Amino acid sequence: MRRLTLADTDELRATPGATVVLFLTDRCPVGCAHCSVASRPDGPSITDRELFVELVAGIAATEEVRAVAVTGGEPFAERFGLRHAVRALSEAGKDVVLFTSGYWASAGPPRPWVRSVLRSVSTVFLSVDGFHLPFVDRDRVRSAMTAIRDADCHLILQTLGEPDPALAGDSAEVNVITPIPQGRGREVFRAHPYRPLVDLGPCPLVKSPTVRYDGTVTACCDEAVIMGAGPSGLRTTVRSRAEVPDALRAFRHAPLLRVIGSHGPRALVSLLGAGSTYRNVCGACWRAHRIVERSPLAERLVTAVAALPRGGRRAS
């Protein structure tokens, strides 16, 4: 199993079909004020274990998938799902990338089941920003870092700003992320300003489809879409392992998503209007989906643009 660096994960995410996000649970015991999916200690989690096993088997059977990002919520809050997914995916030869707050760590060695999970994980993104520290203090974070290193995982500290000097070290990479005004984050972070269509380049998120624990598959890993927002064309439902690869490939080959991912919404000037403005790519993508759903002519236009090589002329 490879130990994926930050550069490795970025390269895989940029490769269509190479990655999938497994959204394991809506539950999280930490309850950060900035949570972009508004996970709670009593949030929903896996209720249909047979369906979940089918979903994981479907991801494992999708040959082009090379790495699976396991997230939520807090994955360690869903013991059954995390143990099963990590074991099945690693045995299938997939690199498992795990996102966690480290709340599970303690002063002593981690519990046996936690150690077992970490031993089958390639890379761990450990959240260490100021929103987590009131709930997961520095001592617990240090214990989590030790457990992750002892399991021979590659460690990446994920933070909204410069990492705490007391936590950062030579053996950990740092991934500085931008605030996300979604979920509870809407009350914490200012919404993005409106931007003209021509400024909206390709969206990398459409290359990371997401499989939720409840059988919902979304075209991207945008938090709002995962939580049910946006047009219906961005989601589908699967009930068996055989349906998972088909759903993932259908999104990858969908003309509109190919345009959004390769050219960006700005390639659809005649569809969206040269003077239109949006807070982000998502707004333009959602509007384009709704237009295409109502208009066969718009659908043909998008299909033609999708056939253009990257850098080709815009539809105008």
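Author: The side chain of Thr218 has a polar atom 2.9 Å from the backbone oxygen of Cys220. This is a polar contact (N or O atoms within 3.5 Å, one able to donate a hydrogen and the other to accept it; residues adjacent in sequence count only if both atoms are side-chain atoms). The model is predicted: local features need pLDDT of at least 70, side-chain atom pairs count only at pLDDT 80 or more, and totals for chains, interfaces and linings use all residues. Residues are numbered from 1 along each chain as its sequence is written, and side-chain values use heavy atoms, with hydrogens and water left out.

Thr218 belongs to strand β9, residues 216-218 (strands are DSSP runs of E, at least two residues, and helices runs of H or I, at least four, numbered from the N terminus). Its relative accessibility is 1%, so Thr218 is buried (under 20% relative accessible area, with a 1.4 Å probe and protein chains only). Leaving out residues up to four places away in sequence, Thr218 touches Pro209, Thr210, Val225, Ile226, Leu234, Arg235 and Phe251 (heavy atoms within 4.5 Å).

Now the core. In the largest nonpolar core, of 89 residues, Leu22 and Leu118 touch the most other members (such a core is a set of buried Ala, Val, Leu, Ile, Met, Phe, Trp, Tyr and Cys residues joined through side-chain atoms within 4.5 Å). Helix α10, residues 281-294, gives the most to this core, with eight residues.

Last, the cysteines. The count of disulfides (cysteine sulfur atoms within 2.5 Å) is zero. For Cys153, the nearest cysteine sulfur is that of Cys28, 19 Å away.

Technical notes: Buried < 20%, exposed > 50% of the residue type's maximum accessible area, 1.4 Å probe, protein only.
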